[in-house]
Amino acid sequence: MVTGYTPDEKLRTEQITKLRRQWLKDQELSPREPVLKPKAPGPVAKFWNGFLEPKTLWRLYTFKAYNAGMFTLTRLLIPAWLVHYYMKYHVAKMPYGIVELKPRLFPGDVIQETGDVIPDLPESHGHH
């Protein structure tokens, strides 16, 4: 029974190890690489590169407009709408708001808004 590697196997393992180390070393780029010049960006990429640069006027004004819009919406419009809704439907005691129960109308009653008189019901001849 043989234990360990034969001389041929040891030589082969050393060669493979050396080749792997050399291959890994070859994968490292030198400061001169890559040799190819970078491709010029297209029109869309140019736009976004310029658009996303920090401290540009476009970004500053967009940020200011966003902040002003959020302030207006959250601190002015929504609270004003809530106050208006509460005043209209819960505080105001004027006609034409929310009517909880409509008044009953009978023939001969006068409609307050128009002054019209509700006519009598037509005579029915035994039909429902």
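**Reading rings and surface in a helical chain**

Modeller: Let us start with Trp-81 and Tyr-85, which are separated by about one helical turn because they lie 4 residues apart in helix α3. Please keep in mind throughout that this is a predicted model.

Biologist: What kind of aromatic pair do Trp-81 and Tyr-85 form, and how is such a pair described?

Modeller: In general, a pair of aromatic rings is described by the distance of the centres and the angle of the planes. The structure holds 2 aromatic pairs, and in the one formed by Trp-81 and Tyr-85 the distance is 5.8 Å centre to centre, with 35 degrees between the planes, a tilted arrangement.

Biologist: How are the rings of Phe-47 and Trp-48 arranged?

Modeller: Their centres are 5.2 Å apart and their planes stand at 75 degrees, so the pair of Phe-47 and Trp-48 is edge-to-face; planes over 60 degrees apart count that way.

Biologist: Are Trp-48, Trp-81 and Tyr-85 buried, partly exposed or exposed?

Modeller: Here we read the relative accessible area, where exposed means over 50%, buried means under 20%, and partly exposed lies in between. Trp-81, with 52%, is therefore exposed, while Tyr-85 is partly exposed because its value is 41%. Trp-48, at 42%, also counts as partly exposed.

Biologist: Which residues form the nonpolar patch on the surface, and how much accessible area do they have together?

Modeller: Trp-81 and Tyr-85 both belong to the patch, and among the other members are Tyr-66, Met-70, Phe-71, Leu-73, Ile-78 and Tyr-89. Together the residues of the patch have about 1100 Å² of accessible area. Take Leu-73 as one case: this residue is placed in helix α3, which covers residues 57-91, and Leu-73 counts as partly exposed because its relative accessibility is 37%.

Biologist: What is the radius of gyration of the chain, and how does the value stand against a compact globule?

Modeller: The chain has a radius of gyration of 44 Å, whereas a compact globule of 128 residues would have one near 14 Å. Along its principal axes, the C-alpha trace spans about 125 × 60 × 30 Å.

Biologist: What share of the residues is buried, and how much accessible surface does the chain have?

Modeller: Of the 128 residues, 2% are buried. The accessible surface of the chain comes to about 13600 Å², and carbon and sulfur atoms account for 64% of that area.

Conventions:
Residues are numbered from 1 along each chain as its sequence is written. This is a predicted model: local features need pLDDT of at least 70, side-chain atom pairs count only at pLDDT 80 or more; totals for chains, interfaces and linings use all residues. Side-chain values use heavy atoms; hydrogens and water are left out. Patches are made of residues with over 30% relative accessible area and no salt bridge: like charges are joined within 9 Å, nonpolar side chains (Val, Leu, Ile, Met, Phe, Trp, Tyr) within 5 Å. Accessible areas come from the Shrake-Rupley method with a 1.4 Å probe; for residues, only the protein chains shown count as cover. A salt bridge is a side-chain nitrogen of Lys or Arg within 4 Å of a carboxyl oxygen of Asp or Glu. Helices (H or I, at least four residues) and strands (E, at least two) are DSSP runs, numbered from the N terminus. Buried means under 20% relative accessible area, exposed over 50%, partly exposed in between (1.4 Å probe, protein chains only). Rings of Phe, Tyr and Trp (its six-membered ring) pair if their centres lie within 6.5 Å; planes under 30 degrees apart count as stacked, over 60 as edge-to-face and the rest as tilted. The radius of gyration is taken over C-alpha atoms; the globule rule is 2.2 Å times the number of residues to the power 0.38.
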